Amino acid sequence: MLSEALRVPSRAADATGTLLVGTVLTGATAIAAVGWIALLTVDLRFGIAATPIVFLLGLVVRGYLVGVVAAGIDDRSVAPSFVRWGSLLWDGVRSATVSVVYALPAAVCLGLAAGAGAATVLDPPGFEGAPQVLAAVAILIGGFGLLCYLLVYLYLRPAARAVLAATGSVRAAIDPRRILAVSLSGPYLTGWLIAMGLLTVGPLLVTPLFILSGLAGLYDVALAAIGGLLTLGVAVVLVFWLRMSAAWAIGRGAGPALATEAGVAVGAGDPPGASGTTAVTVPDRPTEAPAAVQVGRGIDDALTTTQQTDGGADRSINAGRPEPSTGSPAASSPKATTESAGDSMPEPASPTAAEGDDASDGLWDTVDE
């Protein structure tokens, strides 16, 4: 599953365009987030006004990753392209809604710990004795509960996104029965471990590049700046690549549990790429033309592919008829056909020599009479 997940981004119908668009959106989202924080610091009104624009790019990327999860559930090792942006945005809104719902317990724990801590620091009049003890207990419960729930959130949130990708329903994505059915399955645990490993260890690969850029600054500041920009570009591409691979691994791991819940027999040990193991599609999405056609490439190939939807079987008029041999000219000649037919007819038996002599003697006897 790991090697298959790492190859998924390069197997898109338009891999170069998909990586380019995803990288630009990821980098623009990070830059917009930094600018948004700066606006909130300088002027709160401008920061609030810019909030929808800032999160718009992130929602599109979220919606696209939902499609990658759906590809993993269907066991399709080909990443989707950036098409139908309205659907991507809507899927991103639903994914963000699910995230907010699952983050509510963490917000409660954080609010409890933060409120008790603020009361302890401010130390208002009368805040001594039992109130101080209660504040300390609240800080302990809130902090420990927040830490524990963050671990639960990291494990359950990808399962909820897989259910969202399979059903398209926010209500189904927050259904505890569905989430437990997916999260307690062995294949999902495998996919989750692979996804967490990619997202955790993957970004460390660019650490040597940052170190080299810093060392280059000891000799030339301009060289360090160029190296830093190139390193940032590589890091953004790597982050988007790893997010796609992690999303596909989550979908692949959750696929058997989702199919079993839907009543489809699935072999959990089936190798990646085995078609027919899961038939889960994202709802509210009508059948589309191939991605190569939507991005303006490979139209002829797509048309040729769509002509054979029965596994390559030929349904033309001459299907099943033997083809004439081109090596024998007699096969296309009527005269040759007639001759061959004549040759195949049996020849009449020729009279023997004795029978011929008897016939000639009888003829002369008749003449003499």
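These questions and answers cover a pocket, the cysteines and the aromatic rings of a predicted model.

Visitor: Which helix gives the largest share of the lining of the second largest pocket?
Guide: This pocket has a volume of about 500 Å³. Of its 17 lining residues, the closest to the centre include Arg157, Pro158 and Arg161. Helices H4, H5, H6, H9 and H11 each give two or more residues to the lining. The largest share, five residues, comes from H6.

Visitor: How many disulfides does the structure hold?
Guide: A disulfide needs two cysteine sulfur atoms within 2.5 Å. The sulfur of Cys148 is 8.9 Å from the closest cysteine sulfur, in Cys109, which is too far for a bond. Cys109 is likewise in no disulfide. The number of disulfides in the structure is zero.

Visitor: Are the rings of Tyr64 and Phe82 stacked or edge-to-face?
Guide: The structure holds seven aromatic pairs. In this one, the ring centres of Tyr64 and Phe82 are 4.1 Å apart and the planes stand at 15°. Planes under 30 degrees apart count as stacked, over 60 as edge-to-face. The pair of Tyr64 and Phe82 is therefore stacked.

Visitor: Is Trp192 buried or exposed?
Guide: Trp192 in helix H9 pairs with Tyr155 in helix H6, and the pair ties together parts that are 37 residues apart in sequence. Buried means under 20% relative accessible area. Trp192 has 16% relative accessibility, so Trp192 counts as buried.

Terms used: Residues are numbered from 1 along each chain as its sequence is written. This is a predicted model: local features need pLDDT of at least 70, side-chain atom pairs count only at pLDDT 80 or more; totals for chains, interfaces and linings use all residues. Side-chain values use heavy atoms; hydrogens and water are left out. On a 1 Å grid over the protein atoms alone, a cavity is a set of points where a 1.4 Å probe fits but cannot get out, and a pocket is an open set with protein on both sides within 12 Å along at least five of seven lines; lining residues have an atom within 4 Å of a point. Grid points are joined across faces, edges and corners, and a volume is the space filled by probe spheres set on the points. Helices (H or I, at least four residues) and strands (E, at least two) are DSSP runs, numbered from the N terminus. Rings of Phe, Tyr and Trp (its six-membered ring) pair if their centres lie within 6.5 Å; planes under 30 degrees apart count as stacked, over 60 as edge-to-face and the rest as tilted. Buried means under 20% relative accessible area, exposed over 50%, partly exposed in between (1.4 Å probe, protein chains only).
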